[in-house]
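Colleague: I would like to learn how to read the features of a model like this one. Could we go through them in turn?

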Amino acid sequence: MTQSPSIAVEFKNVTKAFGEKRVLNSVSFRIEQGQALCLLGRSGTGKSVTLKLIMALMRPDSGQVWVDQDNVVGMNEHGLSKVRKKLGYLFQDAALFDSLTLYENLSLPLQRLTKKPKDEIDDVVHRVLSDVGLGADGAKYPSALSGGMKKRAGLARALVLEPKILLADEPSSGLDRITASEIDELLLRRKAEHGTALIVVTHDIHGARRVADRVGVLDKGNLVAFGSVAQVTESENDVARRLITE
Ligand SMILES: Nc1ncnc2c1ncn2[C@@H]1O[C@H](COP(=O)(O)OP(=O)(O)OP(=O)(O)O)[C@@H](O)[C@H]1O
């Protein structure tokens, strides 16, 4: 089976349970290349599980998970490592090695996963660091960074391999409103300048309203609303409407 070339991520009737608890119940949605999806929902509704299914860190019980041109369900490790090169992840804790400088944290994946020579790696790392406003901070260790700087460093780490699709799990959690807006700006700029698709799990409705082309609301295992901010604001589903207009 082939997939439309413009698809970034598509779920087709994805179901996932842990024991008796059905976390996702036949969930289907599609996000195109260059679009931003914000996933909203109360705590424990399967938002992080959705990201893990996209990364193929988990398998669904049934259904298909398409990433770009491939259904990752049932794919072997060789295929998955190719697909994962298209994905960047911004984790809640930024996932930086504390014993390495920022520069070393960013150059490591380039050394491991590409054949780029050292001077090219230097160029890429400097460019990505300055893209996120940390151009002068490459020699610092993560412990010397503020919360907002750490998030930006995590974003730089996620972008250094130039992914087509960026997954972000609560990129603005723990940040003040202004710093959170700066992260949103960086995400939007990445989308505009590189056509990167964004899938952002967030509790920050303010940010979601600015960033999202599409909003998906998960509740009790179901995708209860999916559409533009305006469409979800008019949704017949109470939870979705309340979440987006909070
Ligand atoms: N590996 C696992 N084993 C068992 N249960 C799990 C596992 N991963 C997630 N769950 C359960 O699945 C449900 C959804 O978890 P998930 O982390 O996706 O929630 P979430 O919507 O991201 O919540 P939050 O907003 O609090 O981060 C929770 O009940 C969680 O306990």
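Predicted model: local features only at pLDDT ≥ 70, side-chain atom pairs only at ≥ 80, totals over all residues.

Colleague: In which sense do β7 and β8 pair?

Modeller: Two strands pair if DSSP finds at least two bridges between them. Strands (E, at least two residues) and helices (H or I, at least four) are DSSP runs, numbered from the N terminus. Here β7 (residues 165-169) and β8 (residues 197-201) are joined by 5 bridges in the parallel sense.

Colleague: What is the order of the strands in the sheet with β7 and β8?

Modeller: The order is β6-β7-β8-β3-β9-β10, an open sheet of 6 strands with mixed pairing. From one strand to the next, the twist averages 15°. Angles run from 0 to 180 degrees between N-to-C directions, and axes are lines fitted to C-alpha atoms, for helices over the stretch in contact.

Colleague: Which residue in β10 is the bridge partner of Val215?

Modeller: That partner is Gly227. Strand β9 (residues 214-219) pairs with β10 in the antiparallel sense, over 5 bridges. The two strands form a hairpin with 2 residues between them, and Lys220 in the turn has a positive phi of about 50°.

Colleague: Which strands does helix α5 lie across?

Modeller: Contact between two residues is judged by their C-beta atoms, placed from the backbone, which must lie within 7 Å. Helix α5 (residues 147-159) lies across β6 and β7, and runs at about 165° to β6.

Colleague: How many strands are in the sheet that contains β1?

Modeller: That open sheet has 4 strands, in the order β2-β1-β4-β5, with antiparallel pairing. Its edge strands, β2 (21-32) and β5 (70-71), each pair on one side only. Strand β4 (residues 62-67) meets β5 over 2 bridges in the antiparallel sense, and Val67 has Asp70 in β5 as its bridge partner. Helix α1 packs on this sheet, where it touches β1 (7-18), β2 and β4, and its direction makes about 120° with that of β1.

Colleague: Which residues surround the ligand?

Modeller: A residue counts as near a molecule if its C-beta atom, placed from the backbone, lies within 6 Å of it. The ligand is surrounded by Phe18, Val23, Gly41, Ser43, Gly44, Thr45, Gly46, Lys47, Ser48 and Val49. Helix α1 (residues 47-54) gives the largest share of this shell, 3 residues. By class, the shell has 3 nonpolar, 6 polar and 1 charged residues. Ala, Val, Leu, Ile, Met, Phe, Trp, Tyr, Cys and Pro count as nonpolar, Asp, Glu, Lys and Arg as charged, and the others, Gly among them, as polar.

Colleague: What domains does the domain assignment give?

Modeller: Such bounds come from an automatic or database domain assignment. For this protein it gives domain 1 (1-86 + 165-246) and domain 2 (98-162). Their centres, taken over C-alpha atoms, are 25 Å apart. In the contact between them, 10 residues of domain 1 meet 9 residues of domain 2. On the domain 1 side, helix α6 (residues 177-194) gives the most, with 5 residues.

Colleague: What pLDDT does the protein average?

Modeller: The predictor's confidence in each residue, pLDDT, goes from 0 to 100. The protein averages 92, and 98% of the residues score at least 70. The model scores ipTM 0.96 and pTM 0.92.

Definitions and conventions. Residues numbered from 1 in each chain as written.
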